[in-house]
Amino acid sequence: MSSLAIASPNIALIKYWGKIDPQSPDEINIGLNPSLSMTLSQAQTKCEFTLGGDKTKILINNKEASVRDKHKVTEHVHRVAKFFSKDIRTFQVSSSNNFPQGVGLASSASAFCALTLAVLSELVGHKEAQTYLKDSEKNKILSRLARLGSGSACRSTWGGFMYWDGPFALPFHHSQKIYDTILILSKDHKKVSSREGHQLALTSPLFPIRLERLKQRTERLKEGLLKKDIRIWGPILEEEALEMHEISETSTPPVHYRSPESQQIIDIVQSLESRNFYFTLDAGPNIHFLSEKPIKPILEELLKGTNITAELWEDWTGTGPVLVSE
Ligand code: PMV
């Protein structure tokens, strides 16, 4: 028997950037501040998990996983098994993305969410596992377990928007469809991993100021979202993304995730007299444009006025992970 789970990455509107110092293995990957995200739909990780076999085999995008990735996946599978008081010896994992890595979509979020769900399904049974996707109380367990693999994965366990404060994320009930059109300026791997970025953030003199401001910013963003008017919450999205980048750029040593091209596009966008789309960036140069309507043609037109070549990935709000019956 095997289980096939599909999950999508999420885009953070309020960023998880800086973690608490864990006092136990259960406290790893907890943000110093609450964060808020939107689960996507078009970008997906498919993960098939099978118990048993002569020896453990882990494929990522149809290739044998690197030693580092094998270690991460194995550790996570055993962690989930331990939670359900089960003992797993050998297993098979095949995980693949329909979107390229390094495009500004956190593939670790969808990958660890899908892996956690597929392992859970093998351990508790497919029918029982489905209840973890329908019951928000049970979803907390899935979210908590996924978080142990990669922090932001805890915000991919439900559709729509998710609010993460502490050990797990919870659905933030808001039903508006929002587009996320990603301007892919570079597919290079991050020079500094988000793991290091989280640690360095704390060395920025701006970090304590950020933490103080965030509570109010998050509340303003939530209110704006509930009013279903992007003109209210869009500017807050930009303020937040730029602040996260300022934190990285003022850390010791500084980290520059934005590229000159990202800055050029941001400057052009900010100089537009009126617009119906707003940007955010994760720990990379690629820009996410959030909007209530499709804006791909607008961005294509905007690019024409520059010497920048970029690809666009159009995504939008998703309904959360699924388990496929086999
Ligand atoms: O889950 P991690 O450790 O890859 O951290 C993700 C950090 C950001 O993507 C930059 C922000 C976020 O909240 O997703």
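Reader: Which residues line the largest cavity?
Author: Tyr 16, Ile 30, Gly 31, Asn 33, Pro 34, Ser 35, Trp 164, Asp 165 and Gly 166. A cavity here is a set of points, on a 1 Å grid over the protein atoms alone, where a 1.4 Å probe fits but cannot get out; lining residues have an atom within 4 Å of a point. This is a predicted model: local features need pLDDT of at least 70, side-chain atom pairs count only at pLDDT 80 or more, and totals for chains, interfaces and linings use all residues. Residues are numbered from 1 along each chain as its sequence is written, and side-chain values use heavy atoms, without hydrogens and water.

Reader: What volume does the largest cavity have?
Author: About 30 Å³. A volume is the space filled by probe spheres set on the points, and grid points are joined across faces, edges and corners.

Reader: Switching to the ligand. Which residues come nearest?
Author: Tyr 16, Ser 152, Arg 155, Ser 194 and His 198, out of 14 residues around the ligand.

Reader: How far is a polar side-chain atom of Ser 152 from an oxygen atom of the ligand?
Author: 2.6 Å. For Arg 155 the distance to a ligand oxygen is 2.7 Å, and for Asp 282 it is 3.4 Å.

Reader: And how much of the ligand's accessible area does the protein cover?
Author: 92% of the 380 Å² that the ligand has on its own. Those areas come from the Shrake-Rupley method with a 1.4 Å probe.

How values were computed:
On a 1 Å grid over the protein atoms alone, a cavity is a set of points where a 1.4 Å probe fits but cannot get out, and a pocket is an open set with protein on both sides within 12 Å along at least five of seven lines; lining residues have an atom within 4 Å of a point. A residue is near a molecule or strand if one of its heavy atoms lies within 4 Å of it. A polar contact is a pair of N or O atoms within 3.5 Å; within protein, one must be able to donate a hydrogen and the other to accept it, and residues adjacent in sequence count only if both atoms are side-chain atoms.
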